Amino acid sequence: MNWHRYASPAAFKRFAVRVQPWTAGGALACLGAGLYMALFASPADYQQGESVRIMYVHVPAAWMAMFVYANLALAAAASLVWRHPLADAAGRAIAPIGAAFTLLCLATGSLWGKPMWGTWWVWDARLTSVLILFFVYLAYMALNAAFDDPTRGSRASAVLALVGAVNLPIVKFSVDWWNTLHQPASLTRLDAPAIHSSMLWPLLAMALGYTLLFAYLALIRIRAELIERRLAVLTHAKFAAEPAR
Amino acid sequence: MNAALALIARDVRLAWRHPHEIVTILAFFVVAASLFPFGIGPEPQILARVAVGIVWVVALLAALMSLERLFQAEADDGSLDLLVGASAPLELLALAKIVAQWLTTAVPLIAAAPVVATMLNLPPEGFGVLMLTLILGTPGLSLFGGIGAALSVGARRGGALLALIVLPLVVPILIFAVAAVDAAIAGLSPRPHLFLLAGLSVFALTLAPFAMAAALRQATE
């Protein structure tokens, strides 16, 4: 299959228009079912009580924070290697979504931490590395918007996105490398996941719902970026063609 | 190689003939650090506990001030185009700029650090290790800072943007530097932290020249 086919903005637009309703419907269905299961149908934890339900919002948000950053780094690499406007638009479009997921992860984690750990925030390795991930998102967006020439902003922020990718493995393995208050992974272990199926299903439904929501938002935002860029070019051409009065 | 050495010599000579810049940065280092006893109270025990953190954070901010003009000055007078177009590899030239920046900014800051640490009542066991962490950590600081400086060439709001880019990248350096000094004060071995700190600087050395060169190339396109 030839992926470069989708790299032309026109082809991407046709693809996005076709896929968009499916991602919207899928996200609604998964988030609806996931939230019902998470908030009503799943049991309370024997230790954490009802607070465990925060986990269904928190854990997928943390996964998305990293998943979106991985996408951002890929878009950045594509932008630097092929200098393709679609990769620039993708990076610019998905960074705020990733920052929002990271903020959601930090906020829900803080809400869960107060009743469970007795504190809103601790400076352990997992929390600190996710906070730095959030700062890198902010720096990416600030750098992207800091130049008069948008292409310049895209290229500069793409280099930053690749440098910041160093942080991803640190976030992932921080709970293994350091002795943290944050618990280690319970799903992605080589043996069976250390979580009961009544809690696993709502978690997976939420994760799929978040992913589809991200896809939906990303498609809309990338299209908006492409249209905005086109509009800027047309406006520029119009004023360049008119004689100065 | 000769081009890189010439570049280092030029930057050091420029800094030597216009010493007001480094004097300003050193003054900032001392004045900003002396604000903390007013902010958190002059009790010697409290100051002793936070001294190393203050020295490192303020040194970091002082170093940022010199990074802001690192490549911007070259871009303004057009010599950046000559560096990019030179036959010597741009990665090496960017590294030379960082070496010169380290010699003209970090070395004076390291020399001033014991004075500031004394003002903040750092326990005597911490001094030697503090100097070691500064010597091992500031090259990494300059290298990561160089990436930020190269990326923000020509940007609006350059200074605040530079801080936003660089500060998240240098957090690990700060963590291990402070951990090493704290370990020494507590009577433990600072060696593991010092090794990690040196490792971070070496890692920055492998990454930063390429990132800086990529950023400078697209800045001059």
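Student: How many salt bridges are counted between chain A and chain B?

Tutor: The count is one salt bridge between chain A and chain B. Bear in mind that this is a predicted model.

Student: Which residues form a salt bridge, and how far apart are the closest N and O atoms?

Tutor: The test is a distance: a side-chain nitrogen of Lys or Arg must lie within 4 Å of a carboxyl oxygen of Asp or Glu. Here A:D148 is paired with B:R156, and their closest N and O atoms are 2.2 Å apart.

Student: How many residues of chain A are in contact with chain B, and how many of chain B with chain A?

Tutor: On chain A there are 20 such residues, and on chain B there are 22. Together the two chains bury about 1,800 Å², with 71% of that area on carbon and sulfur atoms. For polar contacts, the count between chain A and chain B is five residue pairs, both residues at pLDDT 80 or more.

Student: Now the nonpolar cores. Which residues touch the most other members of the largest one?

Tutor: They are B:F29, B:L130 and B:L151, in a core of 76 residues. Elements of both chains give two or more residues to this core, including helix 4 and helix 5 of chain A and helix 7 (126-151) and helix 8 (158-185) of chain B. The largest share, 14 residues, comes from helix 8 of chain B.

Student: Leaving aside neighbours within four places in sequence, what is B:L151 in contact with?

Tutor: With that exclusion, the contacts of B:L151 on chain A are A:L143, A:F147, A:R152, A:A156, A:V159 and A:L160, and on chain B they are B:I165 and B:A215.

Student: One last residue. Does B:D11 count as buried or exposed?

Tutor: B:D11 counts as buried because its relative accessibility is 12%, and the cut-off for buried is under 20%. B:D11 is part of helix 1 (residues 2-17) of chain B. The side chain of B:D11 makes a polar contact of 3.1 Å with that of B:R10. Beyond its neighbours within four places in sequence, B:D11 is in contact with B:K97, B:A100 and B:T104.

Definitions and conventions: Residues are numbered from 1 along each chain as its sequence is written. Chains are lettered from A and ligands numbered from 1 in the order in which they are written. This is a predicted model: local features need pLDDT of at least 70, side-chain atom pairs count only at pLDDT 80 or more; totals for chains, interfaces and linings use all residues. Side-chain values use heavy atoms; hydrogens and water are left out. Contact means heavy atoms within 4.5 Å. Buried area is the accessible area (1.4 Å probe) that two parts lose on being put together, summed over both. A polar contact is a pair of N or O atoms within 3.5 Å; within protein, one must be able to donate a hydrogen and the other to accept it, and residues adjacent in sequence count only if both atoms are side-chain atoms. A nonpolar core is a set of buried Ala, Val, Leu, Ile, Met, Phe, Trp, Tyr and Cys residues joined through side-chain atoms within 4.5 Å. Buried means under 20% relative accessible area, exposed over 50%, partly exposed in between (1.4 Å probe, protein chains only). Helices (H or I, at least four residues) and strands (E, at least two) are DSSP runs, numbered from the N terminus.
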